[in-house]
Amino acid sequence: MNPMTGLAAIFLAALLTVRPALAGQEDVDPLGSARWGDMRYLFPEQATIRFDPRVRVLAPEVAENPMQVPLTVDASELGAVSEVMVFADFNPIVEVLRFYPQAAPAWLGFRIKLQQSSPVRAAARTADGVWHVGGAWVTTVGGGCTAPSAKAAAPDWQARLNQVSGRQWESGAQAGRVRLRIEHPMDTGLVAGIPAFHLEQVELLADGRSLMRLQLHEPVSENPVFTLKRGAAEGPVEVRGHDNNGNAFQARIEP
């Protein structure tokens, strides 16, 4: 046998051995969830999915209140991001929300409900169609999705429904951030006799441009609070949206 031919054969055999191993590593869930395989239904059938440490989910390791679990999702290191999907493997309603960054970076803080301890993940889609996935395990006592909202018991909750309060920071450690709170019970529909009643769409605009659009689902916490970075946009921020019963709202957050 020609020595060069033999070396080429050895190299090819080694390459064929390495490639499947590398491909397999891309599919190994770094959080070791038994339900990761089931989560793939959230993505388009032929989607490319990669675990990526640049997608960060900042969450407490232990959450004492399963109805108010704070999260910050940061996919800004990826550059231009078209869509970010947030989901919890072991929730009865898996998908929490999606947000679509426009003039704002792919960064969002909010709170969610968890029914039990679970990986909480964010999947960011870049312009090439690839989904980059990051996440964190959150341990909690559970029951967050099947407990009734406290707001529904308040006598004035209907009068305050969809009221928006907010703030912008011009200086200091929070400079460039916008925060808003929306009065809403965010009922999951998993409590007997209480139908699903939740915010569906929220959009923030500044300088005549959309900063970010949010598509919300039942596991977002009651009276949701959202924090985002406004990027280069200046001036007042307009907020508009509606819930799944068609109740619309609009507000203005001054600098």
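View 1. Welcome to the largest nonpolar core, a set of 46 residues in which Val86, Leu97, Phe110, Leu204 and Phe226 touch the most other members. Apart from it lies another core of 12 residues, including Trp36, Leu42, Met85 and Phe87. In soluble globular proteins, nonpolar side chains tend to be buried together. Please keep in mind, here and in the views that follow, that this is a predicted model.

**View 2. Leucine 204 and its neighbours.** Here we move in on leucine 204, one of the core residues that touch the most other members. Leaving aside residues up to four places away in sequence, leucine 204 touches Val178, Leu180, Arg209, Ser210, Leu211, Met212, Leu214, Leu228, Val237, Glu238 and Val239. One of these contacts, valine 239, is also the bridge partner of leucine 204 in strand 15.

**View 3. Strand 12 between its pairing partners.** Strand 12 covers residues 199-206, and six of its eight residues are buried. Strand 12 pairs with strand 13 (residues 209-216) in the antiparallel sense, over six bridges. It also pairs with strand 15 (residues 237-243), again in the antiparallel sense and over six bridges. To find your way along the pairing with strand 13, look for valine 202 and its bridge partner, leucine 214. In a regular strand the side chains alternate between the two faces of the sheet.

View 4. Side chains of opposite charge can pair when their charged atoms come close. In this view, glutamate 203 forms a salt bridge with arginine 240, and their closest N and O atoms are 3.2 Å apart. Glutamate 203 lies in strand 12 and arginine 240 in strand 15, so the pair ties together parts that are 37 residues apart in sequence. Is glutamate 203 buried or exposed? Glutamate 203 counts as buried, because its relative accessibility is 18% and the cut-off for buried is under 20%. Arginine 240, at 42% relative accessibility, counts as partly exposed.

View 5. The side chains of glutamate 238 and arginine 252 meet in a salt bridge, at 2.6 Å from N to O. Glutamate 238 sits in strand 15 and arginine 252 in strand 16 (residues 248-253), so this pair ties together parts that are 14 residues apart in sequence. Glutamate 238 is partly exposed, with a relative accessible area of 25%. Elsewhere, salt bridges that share partners join Glu83, Glu95, Arg98 and Arg125 into one network. Another pair to visit is glutamate 183 with arginine 181, whose closest N and O atoms are 2.3 Å apart. In that pair glutamate 183 is buried, with a relative accessible area of 7%, whereas arginine 181 is partly exposed, at 30%. The count for the model comes to 14 salt bridges.

**View 6. Glycine 144, a buried loop residue.** Our last stop is the loop between strand 9 (131-140) and helix 3 (157-160), where glycine 144 is found. With 0% relative accessibility, glycine 144 counts as buried. Which residues does glycine 144 touch, not counting those up to four places away in sequence? They are Pro66, Met67, Lys113, Leu114 and Gln115. Glycine 144 and methionine 67 are 77 residues apart in sequence, yet 4.4 Å apart in space, C-alpha to C-alpha.

How values were computed
Residues numbered from 1 in each chain as written. Predicted model: local features only at pLDDT ≥ 70, side-chain atom pairs only at ≥ 80, totals over all residues. Heavy atoms only, no water. Buried < 20%, exposed > 50% of the residue type's maximum accessible area, 1.4 Å probe, protein only. Helix = DSSP H or I, 4+ residues; strand = E, 2+ residues; numbered from the N terminus. Pairing = 2+ DSSP bridges. Core = buried A, V, L, I, M, F, W, Y, C linked by side-chain atoms within 4.5 Å. Contact = heavy atoms within 4.5 Å. Salt bridge = Lys/Arg side-chain N within 4 Å of Asp/Glu carboxyl O.
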